[in-house]
Amino acid sequence: MFEQLIKDVCQKLNIKIQSFSMNYAFLLDNGKCKHLIVGYKFDLNNMAAGLVADDKYALYKLLKLNNIPVIEHEIFYEFNNKDDYAVGHNTYLDAYNYFLAHNKDIVLKPNKGTCGNNVFRINDEESLKEKLEKVLVKNFSISLCPYYHIEKEYRVIVLDGKVELSYAKQKPVVVGDGKSTIKELLNKFNPNYFNKGEHFYNENIDLNYIPNQNEKVEYSWLFNLSKGAIVEEVINNEIITLALEAYKVSGLRFCSVDAIRTTDGKIMIMEINSGVMISNYVNLVTNGYNKAYKVYKDAIEAMFKG
């Protein structure tokens, strides 16, 4: 989907495009200058700002230093000796102490991960050790943060200080009608995702269970569109204002800012993505392709303007 969007924009703007590395990278040439798009990252952003945005702990510290409300992150490294890295943590005991300090309910994730992959809610000691080892096998560092009771998650896409697109995300929660199984309800909730049977992954839920009338079932606590959440096209000015504050200190030109509203009404920045991916959005809203097309067209035009 992303490749097609970029190709369609380039055709419209009379820009020659060449893809390589299995369509991971694109070289754009309008005859006067050339620009790159690599892994959803447009060469509008400077490298330092991009690296900070992609590092959950570094971004947390940057926003905290600028007094912007942000969900807490702590970074943990796998080292044999704490002296190896002054601000890192090197043992399971450090993570366990963090776990205890935050009511035995935390989130563990790769410090530089995306799309909700290898993100785990941890509320028991056995799971903490298992997931810690699993994630550190493939990642140099991890982030731990308290579990926040999130009512809604939001995404705001910004280009050169202008909001290109904003929307809310609703996690997969279904309400029973007394007749349909959880699997049938999920298919209605998000047919684009759940009608593909291989996507069902929650081993703690019996998909054939028939919830009672008005009984709520949370399939996943994650709000990722790539994990079955859906889009709510709403404009929340409070969220947009906060997102723009975070954007201004990020040093980025083109990015997506993710924010949350907790069940007790607090709003905070969750993360900023230096790569702008809206492929999943396309299939979940009316006229989604054209909306995504405009975002990428504006970004490509901004690249060639310099």
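## Close-up views of a predicted model

**View 1. Helix α1 passes helix α10 in a right-handed crossing.** This is a predicted model, as are all the views below. Who touches whom here? From α1 the contact takes in Phe-2, Gln-4, Leu-5, Ile-6, Asp-8, Val-9, Cys-10 and Lys-12, and from α10 it takes in Tyr-289, Ala-292, Tyr-293, Tyr-296, Lys-297 and Ile-300. Sorted by class, that contact comes out as ten nonpolar, one polar and three charged residues. For the geometry, α1 spans residues 2–12 and α10 spans residues 288–305, and the two pack at about 60° with 9 Å between their axes. That angle is why α1 is called oblique to α10.

**View 2. Helices α4 and α5 pack at about 135°.** Here α4 covers residues 92–101, α5 covers residues 125–138, and the axes sit 11 Å apart. The pair is therefore oblique as well. The crossing of α4 and α5 is right-handed. On the α4 side the contact is made by Tyr-92, Ala-95, Tyr-96 and Phe-99, and on the α5 side by Glu-125, Leu-128, Lys-129 and Leu-132. Split by class, this set gives six nonpolar and two charged residues, with no polar ones.

**View 3. Four strands make an open antiparallel sheet in the order β5-β8-β6-β7.** The edges belong to β5 (74–77) and β7 (120–122), each of which pairs on one side only. Going from neighbour to neighbour, the strands of this sheet are turned by 30° on average, ignoring direction.

**View 4. Zooming in on strand β6, residues 106–110, and its partner β7.** The two strands pair in the antiparallel sense over three bridges. On the β7 side, Ile-106 has Ile-122 opposite. The other link goes to strand β8 (residues 141–146), which runs antiparallel to β6 and is joined to it by five bridges. In β8, Pro-146 stands opposite Ile-106.

**View 5. Five strands form a second open sheet, ordered β13-β10-β9-β14-β15.** Pairing is antiparallel in this sheet. Strands β13 and β15 are the edges with a single partner strand each, so one side of each has no neighbour in the sheet. From one strand to the next, the twist averages 30°. Helix α8 (residues 237–250) lies across β9, β10, β14 and β15, and runs at about 45° to β15.

**View 6. Strand β9, residues 150–159, is bridged to β10 and runs antiparallel to it.** Seven bridges hold that pairing.

**View 7. Strand β10, residues 162–170, is mostly covered.** Seven of its nine residues are buried. Strand β10 also pairs with strand β13 (residues 230–232), antiparallel and through three bridges. Within that pairing, Ala-168 stands opposite Glu-232 of β13.

**View 8. Asn-273 sits in strand β15, residues 267–273.** Is Asn-273 buried or exposed? The cut-off for buried is under 20% relative accessible area, and Asn-273 counts as buried because its relative accessibility is 15%. Which residues does Asn-273 contact, leaving aside neighbours within four places in sequence? They are Arg-155, Cys-255, Ser-256 and Asp-258.

Technical notes:
Residues are numbered from 1 along each chain as its sequence is written. This is a predicted model: local features need pLDDT of at least 70, side-chain atom pairs count only at pLDDT 80 or more; totals for chains, interfaces and linings use all residues. Side-chain values use heavy atoms; hydrogens and water are left out. Axes are lines fitted to C-alpha atoms, for helices over the stretch in contact, and angles run from 0 to 180 degrees between N-to-C directions. Angles under 35 degrees count as roughly parallel, over 145 as roughly antiparallel, 65 to 115 as roughly perpendicular and the rest as oblique. A crossing is left-handed if the near helix is turned anticlockwise from the far one by less than a right angle, and right-handed if clockwise. Contact means heavy atoms within 4.5 Å. Ala, Val, Leu, Ile, Met, Phe, Trp, Tyr, Cys and Pro count as nonpolar, Asp, Glu, Lys and Arg as charged, and the others, Gly among them, as polar. Buried means under 20% relative accessible area, exposed over 50%, partly exposed in between (1.4 Å probe, protein chains only). Two strands pair if DSSP finds at least two bridges between them.
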